[in-house]
Amino acid sequence: MIRAVVFGALAFVLVLRLAATQAVVRAQDPVERGAYLAQVASCAACHSPPDGPAFSGHVIEVNGQTFYSPNLSPHESGIGTWTDDEIAQAITQGIQPDGELLHPIMPYANYAALSNADVMALVGYLRSLPTVDAPPPFENPAPPPDAIAVNRSPAVEAAPPDDVLASGQYLVDAIAACGACHTPED
């Protein structure tokens, strides 16, 4: 019981601290904001090999399946031929430029709640990365039959920076997508 209370208090303090940091970062350049969002969302954890260039793609295993998280650099073997809208659509709806669905291992359902400004900041940051020629080594498994694209509202706004709790919830739910790993599917 004491551990749960201590952990809850620490988590609450972390959320407040991150929300305060988020308010500061909102005033920055969009590419800097995108870098911050990519860090909070832990994009590198899935998209960067431990011993290679950041965001150049990475082979990962989840629940007994092997996936290749794509190269996010602006190279033609990555997302370099995608439009900004196609990148945004993949992040927030799980739809690739060819119309195919991304596997829901990518938490695009959470990212659907990202504000339009934050999505474009992420796109700007990804466009600023060094190009890396890293084609996928294999085709990813097909999404499960029950996978669906997210129908995203066209005018999503971030929580007001002066509302610390709402900003913290936005940070935890939409950006960090904590629930993708820490909430049971059922």
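This report walks through the fold, the helix packing, the salt bridges and one loop histidine of the structure above.

## The model and its overall fold

The model is predicted, so local features need pLDDT of at least 70 and side-chain atom pairs count only at pLDDT 80 or more, while totals for chains, interfaces and linings use all residues. Residues are numbered from 1 along each chain as its sequence is written, and side-chain values use heavy atoms, with hydrogens and water left out.

The chain has 8 helices and 2 strands; helices (H or I, at least four residues) and strands (E, at least two) are DSSP runs, numbered from the N terminus. In sequence order, the pattern is α-α-α-β-β-α-α-α-α-α. Of the 186 residues, 37% are buried, where buried means under 20% relative accessible area, exposed over 50% and partly exposed in between, with a 1.4 Å probe and protein chains only. Contacts (heavy atoms within 4.5 Å) also say something about the fold: among those between residues at least 6 apart in sequence, 65% join residues at least 24 apart.

## Helix H2 and its two partners

Let's start with H2, which spans residues 30-40. H2 packs with H7 (residues 164-175) at about 70 degrees, their axes lying 10 Å apart. That makes H2 roughly perpendicular to H7. Axes here are lines fitted to C-alpha atoms, for helices over the stretch in contact, and angles run from 0 to 180 degrees between N-to-C directions. Angles under 35 degrees count as roughly parallel, over 145 as roughly antiparallel, 65 to 115 as roughly perpendicular and the rest as oblique. The H2 side of this contact consists of Arg-33, Tyr-36, Leu-37 and Val-40, which meet Tyr-170, Leu-171 and Ile-175 in H7. By class, these are 6 nonpolar, no polar and 1 charged residues. The classes take Ala, Val, Leu, Ile, Met, Phe, Trp, Tyr, Cys and Pro as nonpolar, Asp, Glu, Lys and Arg as charged, and the others, Gly among them, as polar.

H2 also packs with H6, at an angle of about 95 degrees and with the axes 7 Å apart. These two helices are therefore roughly perpendicular to each other as well. Pro-30, Val-31, Arg-33, Gly-34, Ala-35, Leu-37 and Ala-38 of H2 meet Asp-118, Ala-121, Leu-122, Gly-124, Tyr-125 and Ser-128 of H6. This contact has 8 nonpolar, 3 polar and 2 charged residues.

## Helix H4 against H5 and H6

Next comes H4, in which Ile-87, Ala-88, Ala-90, Ile-91, Thr-92 and Gln-93 are buried. The buried residues of H4 pack against H5 and H6.

The axes of H4 and H6 come within 10 Å and cross at roughly 115 degrees. On the H4 side, Asp-84, Ile-87, Ala-88, Ile-91 and Thr-92 make the contact, with Val-119, Met-120, Leu-122, Val-123, Leu-126 and Arg-127 on the H6 side. The residues divide into 8 nonpolar, 1 polar and 2 charged.

## Two salt bridges

With a salt bridge taken as a side-chain nitrogen of Lys or Arg within 4 Å of a carboxyl oxygen of Asp or Glu, the count comes to 2. One of them joins Arg-33 to Asp-118, with the closest N and O atoms 2.9 Å apart. The pair links distant parts of the chain, with Arg-33 in H2 and Asp-118 in H6 (residues 116-128), 85 residues apart. Arg-33 counts as buried because its relative accessibility is 4%, and Asp-118 is likewise buried at 5%.

Arg-127 pairs with Asp-84, and here the closest N and O atoms are 2.9 Å apart. This bridge again links distant parts of the chain, from Arg-127 in H6 to Asp-84 in H4 (residues 84-93), 43 residues apart. Arg-127 has 29% relative accessibility, so it counts as partly exposed. Asp-84, at 34%, counts as partly exposed too.

## A buried histidine in a loop

Finally, have a look at His-103, placed in the loop between H4 and H5 (108-111). At 17% relative accessibility, His-103 counts as buried. Leaving out residues up to four places away in sequence, His-103 touches Gln-65, Phe-67, Tyr-108, Pro-141, Ala-142, Pro-143 and Pro-144.
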